[in-house]
Amino acid sequence: MSDDNATDGDATAEPEFGSRSRSAEPNTVEPKGNQSAVIAATGGAHTVEAVAGSGKTTTMVKRLRAEIEDRDVAPNRLLVLTFANEAAHTIQAKLRDELGPQDAFDIDVYTYHSFSSQLLTEYAYHVGVSPEFELVTEADRPQLIESVYDEIDFSFVAPGAPSAGGTNEGTLSELTSFIESMRREAIRPAAIRSYLPDDEALRALLDLVGDLKQMAHDVINVDANDIMWADDELAERCDRLSVVYRAKAREFNGDGPVQTAVGTHLEAMAETATRAADHLRTATELEWQDYRLPEAMFEGETGPLTSIAQTPMGRLDHFVHMLRRVRAFVGAYEAYLDALEERNAFDYDELIHRTVSLLQDETVRGDILAEWDAVYCDEFQDTDESQLELVEELRDGLDIMVVGDSDQAIHEWRGQDPENMSNLPASFEEIGLELNFRSRQPILDLATNLDPEKDAIEAYKEPNPPNVFKVDSEGERTPAQVSTTISHLLTGRFEDVPDRDLSDIAVLVRRNQNARDVAAQLDRDSIPYTLSSDAAGDLGHGVRTVLSYFRILVSPDDDVSWQRVLLHLYRIPEADIDTLLTAGETVPEGYEALTDADTALARPDRVRDALADYDRLRSVSTTHSISELYRHFKRETRIDWFLRESDRDALSNVERLIGAFNDSPVQSGLTPAFVDYLERQAHLLSADDETATSPGSQSDDAVDIMTVHQAKGLDFDTVLLPFLTESEFGHITLENYQRDLYRYDVLVDDIQGELDDPLRADCSDDQIAEEWRVLHVALTRAKERLFLFGNDVEDAGPGADLLDTHLPDETSDTPVHWSAEGPRLPVWDALMDSYDDLADRTPSAVRDSTDAVNRGVDEDPGTITYYQSEVTTERALETVLEFADEVVAGTLANDDPETDAATSRFADAPLGGTVDAELARQHSHTALEAVRNCERKHVLDHVVDAFPDPIAGTATESTRTHTHTHTPADVGSLFHAVAELAYWRDYDDRGDWRTACTRLAQSRDLQPALEPALDCIDRYFETDGSRWPAVGSEVPITATDIPDVAGDVTGYVDTVRRHPDGGLAVLDYKTSRTRNELEESHQLQLYVRACRDRFDDPITHAGYVYVGEAGPATELFAVSELEPLWTDVLDDLQAADESAFENATPGSHCRFCEHRSLGCPQAEFSYEDEFRVDRR
Amino acid sequence: MTDPNSDAPTNAEPATETTTITATELATHLVCPRRYEFRFERPLSAREGSRDRVRARRRELLRRPIIAGLRADGDAAADRVDAALERFDRHWHSSRESYLADEQERYDEEAVAAAIEAYFSNGGHDHAERLVDADTTLGYERDGIRYEAAVDAVVERDRGYLAIRYVPDLTGILHVSWSDSHVRDFLDGRKYYPRQIGSFVRAGVAIRGLKAEFGIDLPCDFAYVAPLAESRPAYEFASGSKSESESESESASEPGVHVDIARRHFEDAYEEERLDLVELIGDRAAAIRAGETDPRERRFDEITATACEYCAYRDACPDHLAAEVSFGDRPRSRSQSRVSGDADDTTEHGQTQDTADAPTGDD
C-alpha cells in the first residue's frame, strides 16, 4: 500500500517516490479552496472541520511548514498529537517530505498514549512512580483480568461450567468487556458502587423481575391460559396486572435513584396495562395482534410481533440484570485497579488520566507547557473523553489547532465521542475545508443529500459522468450480482464505463459475514480478491498446530495433538500414527516399543525426525523459560515454513502473549495451564479491536474486500457497496437492540448524569447516528464510481405501532419516551431519495444498472477448447481445481494413464517424462550470467523460478539481523534506489543524495549498508557521468524480436544520459570492487540494442559508472566498439534458450547458489548436514 | 442388560453372529463419520478439558448419585436423598475439575447437589418406588444387527414402561414440537440438526428395546431428564420472598443456588415418526458396517459448518486440515460475526445458548 492512501484527504499529496505507476507531480502543489485560510490563520485556537477527501492532514502539514519557514517558529516548539500509531507515522512521513528530515525530526509527533507515556516518564518522581513504570498494553490486559477472575462475586453471576483453565469463557469475556467499557469511559469503581442499590435491594429487584415475568406468563399469556380471542377476560387480567404493578411501585418510593427509576417505571407499566385493558374493551375490530400484545409488553415475549424491538418488561428485565452483572464484576474491577497500582503499572486509560492530573498540577504545569508554542490535533473526531480532557489542559497554555471530520467518527463503540469536535468552546475559531479532492461531485451529493442538515461538499475534480450506479438487489442474489458487476467492470461491459483493473475495485461491507459471502462468490467465479483480516475468524491452522505442539510437550498422552503435529508438520501418514499408537500408550512410547521401525512404518525417516525434535524440545522445556523454549521451537520445527500469511499474523499474537508473560514477576516454564491460557487468549486476540479496525490492504492485483471500518482513510477508483438494506446494514445496532443498550451504555450515561431515566429514556439517537456516519464514510471512499446494491425496507411486521399507543405519553406523570420499534435505519430508502434527486438534477451522473447486472448473473459462462475438445468453462475450472487438490494430496500421478488421453497428459507433466510444451523463457543480463556459470542454476532461477533452499534462506536472513552486516547486494540496491529517487525528485547535489540515502536506509531496514552506500555517493559525484544530464532512470527495456533467439530480453537500464558529444549514453552503475572487461560487457550490448529505438536521439555510447571501490570512474565505449561482441551475446542467448536442468556445472559460483540442497555443488560449498547449514 | 456405563461395542466380539451397534455410535456417525472413526474404530483420546469431557463429567456427577438414590435401601424419601448425596460427595472429590476460583467450585458443587435433590422432590421418589432396573442397556434385533441403548433407569408406569436418561441440560436434545417430520426432513436434506436427530435415535432404540423386553403392545416412553437445566444464584433467599409459581419444573433448593429441572418425552414423536426412524437407523447401521467413515460422502459442507467447531478431535482431523489447502469451496464456518461491539452473548446463567451443534458429551 502506498502512503498516499494511508489517511484521509491525501488527494493532493505527492505520490510516494519510486512508484512509477503514478505521475511524478512536483512537490509544490498550491493550496486550494480554504486550505490557504488554514495555513495563514493566526490566533490562539482553531478548529478545522474538514470534509472527507479535503486534504486535511496535508493542509495541516503545510501549515506546520508555514509556521517554521514564514513565521520562524522553531520546529521543536510544535507538538502534533494524533489518535493511532498509523496516523502518527503518516504525518511523520509527510513532514519529512515537506520539511526534510531534520526539521521533521524536530517536530514532536505523538499519539495521545505515547505523549502521556513520555511526560509521565519525565515527571515520574514528581508523580511518585518509578520512571520504569510498566505499561499494560492490550496484549497484557487479558492476563491481568484473568488474575482478578476470582474476585467476581459469584452470588450474582452463575459461574457456569469451567472450561480448560478453570474459568468459564462466557463469564470471563463478560468480565473483560465490563472492565474495558468502564476504563474507556473513565468510570471508577466508587462511582459504580454508589450507583448500585445495596445487595438486599438488588436481590429484591431481581426477585421482583422474576416474579413479575412469571406472573405475566401465568395471567395474560394467551396460549398458557387459553384465552386467545377472549376480549373481556384478557382485559380483566390486564387490570389485575395493573393493580400489582401499582402496588409494587409504591414499595420503591424514594429508596435511591435506581429504585426510584424502577418504581416510576412500574407506574408507567401500570398505566400501560390499564390502557391495554381499555383498548381490549372498547376497540371494535380486534386483530390477533391485540391479543398477543399484553404478553409482549409484560412478559417480554414478542413472538410473532416481529417489529417490536423494546418492551416495558424487556427494558426492566435487561436493566436489572445489568445491575446484577455490574454488582458481580465491580469487585473484580477494583482488584484490577489494585493490581495495576501494586505493580506500579498503568493501562492506557490510566496513562491518560495521570497525565491530565500532572498537567493540572500547578507546580509543574508551567514547565511542561513551556516546551511548546502550539499543539496540533489531527483526526480529532477519533478522540475519546479522556483524550479530550488532555487536549483541554494543553489548550490553556498553548496555541491550538484541531483538525477532524465529525462525519467520520465511527468508533463510538470504542469510547470515541463524535461530539468532541462540535462541543469545543466558542473561543475556537472555526475554519471549514469544504473542497473535496477525491470524488466526483455526484458521489459527494449522494452522501450529503442523505441529511438535509448537512452542507454540500464541493468536488474539485471536473465532472466525468456517470458516477453513481444502483442495482436492485435481494439478499441471496447480492453476492452473485457483485461478482457479475466486477466482471463487467473488468471486461468493460458497462456502457460509459471504461475497463477497470482489479486494483481499481473495492467491495465495502458492514459485517464480516457479508465480506465472507462476497469472497465465497468471487472464489466460485475465479476473480482474485484480498479479504482484509477477519476479526472474528477462527484461529488459523498453523497457530493451532503450534498450540498442539505445546500441548504434547506438557501432555505426551494427548493423542489428538500428536496426530495434528505429525500430520501437519511432519506429513506422516495416518497409518503410521495408528501403528505408533497401537505399539504403545503414547506416540513416544509406541516408537520406543517398535522393534523394527523401518519396516513397520511407511515413513520411518519422518517419524525419526519428528521424535528427535520432540525429545530435544522436551528437554529444553524442562529447563528453560517459555520464551526460550519458543525460540528453540521455531528453530527446530521451522514452523514458519508451514504457515500462511494470515497464520503468521496470528502467530504474532501468540508471541505477544508469550512476551507479555515474560514481564510478569515469576518467569515460569511451560505448563498445561499456560497452554490453556495461550489457547484461550489467542482466540480472544484474533478477535480484538485492532484487527477489526486497522486499515485494510489495497492490493495491486486483486479486488479488495473489507469492512467500512477497515476502509476508513482509504480510497478507491470504484467502490461497490452491497447489502444496503436495513436488516444487513443496520444489523449490528438493530439486532438485540434492547440487550445491547444495557451492555453498559445506559449505565455509563446514567452514572455521568446524561440520562433522564435509565428505563424510560429514548437512547436510540446516538447509536443510529453512528450508523449513518458509517454509511457516509462508505460512500465517500469512491473516487470515480460508486455502485449501490440494496432494496427497500422490509415490511416491519405488526405490533410496534400498537404498542406505542398503549405507552404513557407526555400528558402522563410517568411518560415513556421510547418507541417500541426502536431505532430504524432505512438506508436504501434514503439512498434512493438522494439518488432520485441526483437523477433529476444531473441525469447523466446516475445509472440504473439492475438489468445490465442481472442479465450477467444468469449468463452461461460458455465453453473453452482444450486440446481440440470442447468443455464447459465450469467443468474446466473444476478439473483444474481437482488437479490442484491432487497435487496437494500427492495423488496426481495415481491416475490410470489409459483412461483419458487429455487428462493423463496433463497429470503426468509435473512428474517428469517428456512433454513437448516448454515454459516461455525470458532473458536478462543476470540470467545470461547464470547460464554461463551453470545451466541448472539458470533453469531453476530464471526459467521455473524455483524457491530457494529453506535453510539457506533462513540462515542468510538471521545472519543479517544478528550480526548487522551487509551484503554487496544491499549496498547496490540502496545506491540504485537513491539514484532513482534523485532522478524523479531532481536532486542534484551531494547533500540531497546523502539525505535521501539515510532516509531510504532507514525505511528499507538497510542501515548496515548505509556507510558504504554513502561512500558510493561521494564517489559518484566525482565521476564525469554524474555531470551529464539524465533523460531517464531505471528505464524498463524489452527486446522481443532477436533473430534466432526464442525468448524475450527484459531488464532495466540504470540511467540514460546526454553525452557531451550530443548523442545518448546508456550507463550502468557499478558498486563493486572490480571493473568489467569489455569482453564481459554483454549487458551493455543488450541495453544498447533494446534502447535503440526508444529515444528520439541515437544511442552513441554505453558504459559503466564505477562508484564502488573500483571507482570513481566513468568507463565508456562507443557503440561501434561494442557491436563486434554481438555474436558472443547471441551465443549466450541461445544457450539460455536451451539450458537444461541436467547440466549442472559446479564451481565457485556455488557459494552463493540457493539450490545447494540438490547435492550438485562444489565440495567445499555443500551443506555439512543435509539441508542444514547452521544449527547453532 | 449389560455394560451400563457406555453402550460402546465392548461385547461386539465375533463370537456372536450378530453385530451390535449402539445408539451412541449411530448418533456419533450422524454428526460426523470421521468423528465416529476417531471415537470407536481407532480410538484417539479426546483432549483433556474438551467440552465433551467437561459435559461427560457433569453427566456422571448427576447420574451416579441419582442411581444410587434410586437403588437405596429403605423406603424413606430422606434415605434416598442421603444415599444420593453421599454418593455425590464421594464422586465429587474423586473426579476433580480445575476451577480458577474457589467460589466458582463451591457454586458448582452446590448446584449439582441442589439438582440431585430437586430431581427427587420432582418425581424422583416416584421413580424410585416403581424402579424396574437402573443403569442398564436396552436392545433389540433387526436384520441381523443388535441395536442397543444405555439408559439410566427403567420405571413402571400405570400402564407400560418409561426409560430415563439423565443429562445436565437439554442442549442437543431434539425439541419435540408440533412438527411430525423431523427425521423425514433430515433424510430429505431439508433440515440439518444431526445431533438432535441423534438424540431421537437414542430414544427410538430405547423405546423399541423396552417393547422387545416387556411386550410390543405396551405403551413405552423414553425421557431425557435434565436436573441441572438451569441454575443461577438464588436471589430469593435474602429477601425471604418465595416464588408463587406453581410451575412443575420450578423448585426451591438449598440457599445459594436455584435450579430448574427440565425433561423431554419421546413417546408421541416415536409413534409419529417410527417408520422414518427405522429407515434412518438402518441406513446408518449399514454405513457403519461397511466402514464408511469419510465425511465427504455425507453432507460435508454442513458438517464443517456445524460440527467442527465443537469437535474434540478437530485438531487431529485430516479432513479439517485438508480444508485449509483445498481450492474452491473452502469452509467458512462461523455463522456470523460483529465488526464492532463486545464478546458473544451469554444468557443470564453464563451459558452459551444452544447453538446448532454444541457438544453433548453425554456418553
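Reply: Thr57(A) has a relative accessibility of 0%, and because buried means under 20% relative accessible area, Thr57(A) counts as buried; please keep in mind that this is a predicted model. The place of this Thr57(A) is in helix H2 of chain A. An unreviewed UniProt entry carries the annotation "binding site" for a run of residues that includes Thr57(A), and among the others in that annotation are Ala50(A), Ala52(A), Gly53(A) and Lys56(A). Ala52(A) is found in the loop of chain A that lies between strand S1 (45-50) and helix H2 (56-69), and with 0% relative accessibility Ala52(A) counts as buried.

Let us now turn to the aromatic rings. Over all chains, the count comes to 40 aromatic pairs. In one of them, the ring centres of Phe975(A) and Trp993(A) are 6.1 Å apart while the planes stand at 45°, so this pair is tilted. Phe975(A) belongs to helix H45 (residues 968-985) and Trp993(A) to helix H46 (residues 990-1003), both in chain A, so the pair ties together parts that are 18 residues apart in sequence. Phe975(A) is buried, its relative accessible area being 0%, and Trp993(A), at 4%, is buried as well.

A further aromatic pair is formed by Tyr1020(A) and Tyr1069(A), which is edge-to-face, with 5.9 Å from centre to centre and 80° between the planes. Here Tyr1020(A) lies in helix H47 (residues 1010-1020) of chain A, whereas Tyr1069(A) lies in strand S23 (residues 1064-1070) of chain A, so this pair ties together parts that are 49 residues apart in sequence. Tyr1020(A) counts as buried at 3% relative accessibility, and Tyr1069(A) counts as buried at 6%.

Finally, we come to the charges over rings, for which we move to chain B. The charged end of Arg57(B) sits over the ring of Trp92(B), at 5.1 Å from the centre of that ring. Arg299(B), in turn, lies over the face of Phe186(B), and the distance to the ring centre is 5.1 Å.

Note on methods
Residues are numbered from 1 along each chain as its sequence is written. Chains are lettered from A and ligands numbered from 1 in the order in which they are written. This is a predicted model: local features need pLDDT of at least 70, side-chain atom pairs count only at pLDDT 80 or more; totals for chains, interfaces and linings use all residues. Side-chain values use heavy atoms; hydrogens and water are left out. UniProt positions are given in the numbering used here, feature names are shortened, and annotations may be inferred rather than shown by experiment. Helices (H or I, at least four residues) and strands (E, at least two) are DSSP runs, numbered from the N terminus. Buried means under 20% relative accessible area, exposed over 50%, partly exposed in between (1.4 Å probe, protein chains only). Rings of Phe, Tyr and Trp (its six-membered ring) pair if their centres lie within 6.5 Å; planes under 30 degrees apart count as stacked, over 60 as edge-to-face and the rest as tilted. A charge sits over a ring if NZ of Lys or CZ of Arg is within 6 Å of the ring centre and within 35 degrees of the ring normal.
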